[in-house]
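Hello, and welcome to my notebook. Here is what I looked up, one entry at a time.

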Amino acid sequence: MKLTLWTYEGPPHVGAMRVATGMTGLHYVLHAPQGDTYADLLFTMIERRNHRPPVTYTTFQARDLGGDTANLFKDAAREAYARFAPQAMIVGASCTAELIQDDPGGLAEAIGLPCPVIPLDLPSYQRKENFGADETFHQIVRALAKPMPRTDAITCNILGATALGFRNRDDVAEVTKLLGLMGISVNVAAPLGASPADIARMGQAHFNVLLYPETGESAARALERSCGQPYTKVVPLGVGATRDFLHEVAALTGLSPQVDESALRLPWWSASVDSTYLTGKRVFLFGDATHVIAAARIAATEIGFEVVGMGCYNREFARPMRAAAKAYGLEALITDDYLEVEDAIAAAAPELILGTQQERHIGKRLGIPCAVISSPVHVQDFPARYSPQMGFEGANVIFDTWIHPLVMGLEEHLLTMFREDFEFHSDAGPSHHGAKADLRDMQQAEPEVVAPMPVTPPTGAPLWQAAAERELKKIPFFVRGKAKRNTEIYAQDKGVAEISVETLYEAKAHYAR
Amino acid sequence: MSLDTPARGCRDTPVLKERGQREVFCGLTGIIWLHRKMQDAFFLVVGSRTCAHLLQSAAGVMIFAEPRFGTAILEEKDLAGLADANTELDREVARLLARRPDIKQLFLVGSCPSEVIKLDLARAAERLSAHHAPHVRVYNYSGSGIETTFTQGEDACLAAMVPTLADTSARELLVVGALPDVVEDQCLSLLAQLGIGPVRMLPARRSADLPAVGANTVFALVQPFLGDTHAALIRRGATHLPAAFPFGEEGTTAWLWAVAQEFGVPRAHFEAVTAAPRARAAKAVAAHAATLSGKSVFFFPDSQLEIPLARFLARECGMTPIEVGTPYLHAAITGPDLDLLPEGPVISEGQDVERQLDRQHAARPDLTVCGLGLANPLEAKGHTTKWAIELVFTPVHFYEQAGDLAGLFSRPLRRKALLTAGGQP
């Protein structure tokens with residue numbers, strides 16, 4: 001039993017819903033109690049879908065439990081087929097139905113529906129949403145995709161995009177465009193936008209592009225085995241990764257990796273002198289492993305940030321995550337407990353957080369700006385405009401999105417020069433964000449701090465003298481956390497019990513880079 | 001004070017009872033408002049990842065002042081041995097209470113999985129209550145989907161508190177049902193002006209203010225979904241004052257008059273106290289009735305507020321209800337509203353969502369009141385919808401909110417008109 005306040009991932013059957021809802025012509029009969037229909041609103045409200053998810057819930061109640069929940073399932077499956085006439089059906093159980101062990105797969109087989117029925121076995125008490133999506137897509141591919149002759153022209157499938165995925169709609173479009181520049185057309189993109197009939201013709205592609213390992217890797221492996229299709233390992237997030245991806249595709253196809261890069265703006269935007277202030281800004285990254293690993297590379301090598309913490313909530317990818325973190329001299333944080341993430345962020349005192357909607361809230365609490373790079377995301381992260389993360393346009397979007405929350409370069413300098421300006425102080429927030437600046441009372445005298453008797457705290461942590469504390473407050477908020485932490489470490493190392501203004505500046509000189 | 005009842009109301013209308021897929025929340029959802037209402041309470045769901053995911057999705061935006069609710073997620077090993085599950089639960093509760101010394105009431109909330117594996121949370125609550133007394137009182141109720149629909153979670157929660165309330169022989173009015181604080185204050189102020197008192201509230205904002213109950217307690221419900229709480233209070237000897245629910249000018253007046261009569265308030269004094277707020281409410285509603293009048297409305301079942309709201313829309317806003325769906329129909333509780341609702345609409349209980357969608361599609365109502373899962377798909381088909389959950393999450397009771405309540409229904413119609421005028425289909 002584990003106490004959870006907020007979760008990064010839903011249960012595995014929600015992952016199955018992401019696959020079903022992304023597809024057309026597929027129906028999901030879910031053995032589930034009343035209330036599990038809440039999941040519909042993830043799609044209709046958060047993603048603003050204009051259709052109900054293609055899911056029939058059996059809706060059993062307490063009074064059914066002694067009776068015949070199995071027949072309830074059979075009736076629901078028959079009626080769903082009659083009403084929706086899907087090309088194929090997936091059947092499974094939510095967490096509660098798993099406990100009553102009705103075997104939806106066996107029941108559906110027994111009633112002999114005139115379409116392929118694919119049973120799902122998603123262990124609700126062990127696994128989570130991404131696993132559910134990955135496994136569901138895998139089972140659909142296993143059941144429907146068969147080896148077949150290749151297309152004459154070079155084609156590929158794009159794997160892993162689902163409903164409710166972070167920017168999946170636009171990533172598929174952007175990667176399709178990118179492959180088009182190389183002369184490759186897309187055979188099938190799945191699950192998002194595909195029908196069971198499309199899945200059945202996946203075998204004719206020459207290779208697969210694995211866009212999202214979290215939700216598509218098992219299917220990619222299955223297709224490699226059954227249809228002999230190799231799949232790409234590089235996820236084209238960022239400039240470097242996109243170029244690596246093009247080279248990987250070139251190696252698979254014999255086509256040239258040189259494509260028109262005239263629409264790519266991130267490198268120049270990053271090199272232009274106004275971006276100098278971004279140098280070495282401390283960023284903390286958290287999200288799904290694929291997005292975080294790619295974002296770390298962009299942050300460190302394409303924007304010039306310093307990565308001071310990174311981690312992921314999906315334990316399945318702990319190994320590559322740890323390896324990536326090591327390259328930045330970091331220990332990866334692998335957890336799905338947001339309180340742990342909050343503690344780690346507070347301890348690292350970054351100037352920018354790149355995370356999920358959870359980290360956005362953490363940032364709000366800690367007063368640290370945040371940009372969203374990964375699921376789970378909320379309604380505001382499903383923009384109306386074209387807004388991919390992958391490919392060259394994705395890199396442009398990433399530059400804009402990450403820079404926007406920060407205080408701009410010259411503004412930052414002014415804050416440093418005139419630290420206690422009454423209308424332009426550090427608590428007023430970046431001026432381009434439009435929130436009303438919180439004007440300080442000019443007449444207000446500096447509160448006279450009565451210096452407390454220096455008592456050594458039980459932890460042995462050094463004590464801040466009142467003057468040093470005042471000086472610390474003059475440091476702009478976006479570096480204050482770091483300065484405080486560095487000074488305390490410095491004082492502890494030097495055996496200084498009380499931090500004076502001098503200690504503060506000695507520490508600053510010590511950590512100068 | 002007499003109500004102008006229709007020639008025939010809906011009390012004797014045959015009810016269309018349906019079973020099938022239900023597009024409704026489970027009772028856990030009530031935690032979202034209950035934990036804000038009871039400021040020293042923590043709600044600990046003993047359930048699955050689905051329960052935790054529901055709570056954060058239904059909450060819509062996260063309440064990031066560390067929420068006073070959480071889910072103890074059952075794992076494989078908890079399912080294998082219930083003894084271990086109890087030990088684990090005790091440990092999680094001890095940790096939680098150590099971190100939150102401000103918590104005075106802890107609700108162990110049962111879920112579908114905890115009910116199915118028969119984890120005895122009532123005994124766990126007794127055990128933990130003894131262990132953490134007197135600082136924390138531990139209650140238990142079920143918010144599971146196999147037993148409760150949406151607002152029934154609040155009913156189960158309040159019903160679980162009733163047996164533990166202190167005894168009293170005092171003649172007191174007990175107002176039952178969670179109200180937004182601003183509405184609660186208005187309600188108390190009206191009752192005070194009428195000279196009715198003492199008045200107690202269930203739930204109370206803090207555990208120290210919990211009411212006592214006994215044979216001289218009379219209680220009035222402000223929410224129509226409190227069937228079990230109603231029964232539990234009657235078991236304690238309290239007397240129920242049946243009344244139409246305080247939605248709109250008419251409903252509020254009827255509710256207050258039922259209470260006033262019980263407490264012997266003279267008619268003239270009642271008129272004097274209510275005249276001004278009644279006039280304000282009527283004026284505010286009239287502004288929206290211009291948009292709503294003559295339009296038809298179709299209710300999918302959601303919160304059990306449907307019958308009183310249909311009565312309000314029909315009688316004060318001039319709308320024509322086509323179907324009024326409700327998860328459960330408590331005739332003893334909504335009877336006065338059914339009497340006032342003019343005959344005509346289909347009254348349906350329970351749900352088979354596909355069939356109901358067929359009926360809704362055939363009826364083509366001007367306004368459809370439905371849950372979040374259905375609203376956008378129906379809008380995309382050209383229907384105008386009002387999401388029902390907002391009716392539970394907005395202050396809508398009593399005189400000063402009557403206009404706001406009408407506004408919740410008129411806004412989608414006005415919006416549709418604006419966009420249509422702007423050239424949208």
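Before the sheet, a term: I call two strands paired if DSSP finds at least two bridges between them. Helices (H or I, at least four residues) and strands (E, at least two) are DSSP runs numbered from the N terminus. I note that this is a predicted model, where local features need pLDDT of at least 70, side-chain atom pairs count only at pLDDT 80 or more, and totals for chains, interfaces and linings use all residues. Residues are numbered from 1 along each chain as its sequence is written, and chains are lettered from A and ligands numbered from 1 in the order in which they are written.

Entry one, the sheet. I found an open sheet of five strands in chain A, ordered E11-E10-E9-E12-E13, with parallel pairing. At its edges I see E11 (333–334) and E13 (370–372) of chain A, each pairing on one side only. Strands E9 (residues 282–287) and E10 (residues 306–312) of chain A run parallel, joined by six bridges. Across this pair, Arg282(A) stands opposite Glu306(A).

Entry two, a helix and a helix pair. Helix H15 (residues 338–348) of chain A packs on the sheet, where it touches E9, E10, E11 and E12 (352–355) of chain A. In chain A, the axes (lines fitted to C-alpha atoms, for helices over the stretch in contact, with angles from 0 to 180 degrees between N-to-C directions) of H1 (residues 12–22) and H7 (residues 129–144) come within 6 Å and cross at roughly 50 degrees. That is why I write H1(A) down as oblique to H7(A); angles under 35 degrees count as roughly parallel, over 145 as roughly antiparallel, 65 to 115 as roughly perpendicular and the rest as oblique.

Terms used
Two residues are in contact if their C-beta atoms, placed from the backbone, lie within 7 Å.
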